[in-house]
Amino acid sequence: MNAPIQLHEQPNGVTRRKFIKGVIAAGAAVSASSYLFRGPEQLFGQGSLPGAVERLMTLSVNGQQRRVDVMKQETLAMTLRYKLGLTGTKLGCDRSECGACTVLIDDVPHYACSMLTHSLRGRKVQTIEGLAAPDGTLHPVQQAVVDEQGFQCAFCMSGFIMSTVGFLKTNPNPTREPLAHGISGNLCRCADYNKILTAMMRGAENLRRA
Ligand code: FES
Ligand code: FES
């Protein structure tokens, strides 16, 4: 008789079923493969050790104070997406290469995949969800994207918008070249850079008129 099919047993003994249980228990989900191959003790035994960082913290996000339980190795991208439900911040590479996860921290663009959430006590985080006005009016840069239809699949869009909004805080009247340089930390896999730049230039213009 054939042996029952195992659920993707990993070399370290973590099955897919055990992994999913661990994720639910921790209140977090993960997307990068680097998270998949940790030992069971790392997935399940997340209790604080003596001298460890306090897990419960208050994070200022989009003008709100959010209490959140954060693991010491947790990145801001993980906290935003999987603890706070702010999935407008995208995870592309998860290693500081693509800019899909760009958010503003104290008004400066940063890669959320490369910031530890615990390091952000007392800092102000703004995500794409925090750009529109309370009445739903889009931010001028968001409106420019709608007007210009500046993206194809738009996976990279929120990162580009956040980078542009951050850049325009220091240079509100850029020509095309400095703006291109200012947002060069963002990649688009559809490679529609010319159209994106046109949309971002229109965003700058919208912002000056607002
Ligand atoms: S997901 Fe953060 S830079 Fe790519
Ligand atoms: S529009 Fe598809 S990744 Fe940029």
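Visitor: Hi! How are α4 and α7 set relative to each other: parallel, perpendicular or oblique?

Guide: Hello! In this predicted model, α4 and α7 are oblique to each other. Helix α4 covers residues 140-148 and helix α7 covers residues 193-209, and the two pack at an angle of about 135 degrees. Angles over 145 count as roughly antiparallel and those from 65 to 115 as roughly perpendicular, so this pair falls into the oblique class.

Visitor: How far apart are the axes of α4 and α7? And is the crossing left-handed or right-handed?

Guide: The axes lie 8 Å apart, and the crossing is right-handed.

Visitor: Which residues make that contact?

Guide: From α4, the contact uses Pro140, Val141, Gln143, Ala144, Val145, Asp147 and Glu148. On the α7 side you will find Lys195, Thr198, Ala199, Met200, Arg202, Gly203, Asn206 and Leu207.

Visitor: How do the residues of that contact divide into nonpolar, polar and charged?

Guide: Seven of the residues where α4 meets α7 are nonpolar, four are polar and four are charged.

Visitor: Moving to Thr164, where does it lie? Is it buried or exposed?

Guide: Thr164 belongs to helix α5, which runs over residues 157-170. Its relative accessible area is 0%, so Thr164 is buried.

Visitor: What does Thr164 touch?

Guide: Leaving out residues up to four places away in sequence, Thr164 touches Val141, Leu179, Ile183 and Met200. You have met two of those names already: Val141 of α4 and Met200 of α7 take part in the contact between those helices.

Visitor: New topic: how many disulfides are there?

Guide: The count comes to zero disulfides.

Visitor: What about the cysteines, then: is Cys113 buried or exposed? And Cys153?

Guide: Cys113 is buried, with a relative accessible area of 6%. Cys153, on the other hand, counts as exposed, at 54% relative accessibility.

Visitor: Let's look at α3. How many of its residues are buried?

Guide: Helix α3, residues 76-83, is mostly covered, with six of its eight residues buried. The buried ones are Leu76, Ala77, Met78, Thr79, Leu80 and Arg81.

Visitor: What covers them?

Guide: The cover includes the strands β1 (56-61), β2 (64-69), β3 (102-105) and β5 (124-126). Just after α3 comes Gly85, which takes a positive phi of about 70 degrees.

Visitor: Which residues have a positive phi although they are not glycine?

Guide: Asp106 is one of them, with a phi of about 50 degrees, and Ala154 is another, at about 75 degrees. For background, most residues other than glycine have a negative phi.

Visitor: Where do I find Asp106 and Ala154?

Guide: Asp106 sits in the loop between β3 and β4 (108-111), while Ala154 sits in the loop between α4 and α5.

Visitor: How accessible are Asp106 and Ala154?

Guide: Asp106 counts as partly exposed, at 32% relative accessibility. Ala154 is partly exposed too, with a relative accessible area of 26%.

Visitor: One last thing: what separates the C-alpha atoms of Ala154 and Arg189?

Guide: They are 9.6 Å from each other, and the two residues are 35 residues apart along the chain.

Technical notes: Residues numbered from 1 in each chain as written. Chains lettered and ligands numbered in written order. Predicted model: local features only at pLDDT ≥ 70, side-chain atom pairs only at ≥ 80, totals over all residues. Heavy atoms only, no water. Buried < 20%, exposed > 50% of the residue type's maximum accessible area, 1.4 Å probe, protein only. Helix = DSSP H or I, 4+ residues; strand = E, 2+ residues; numbered from the N terminus. Contact = heavy atoms within 4.5 Å. Disulfide = S-S within 2.5 Å. Axes fitted to C-alpha atoms, helices over the stretch in contact; angles between N-to-C directions. Parallel < 35°, antiparallel > 145°, perpendicular 65-115°, else oblique. Left-handed = near helix turned anticlockwise from the far one by under 90°. Nonpolar A, V, L, I, M, F, W, Y, C, P; charged D, E, K, R; others polar.
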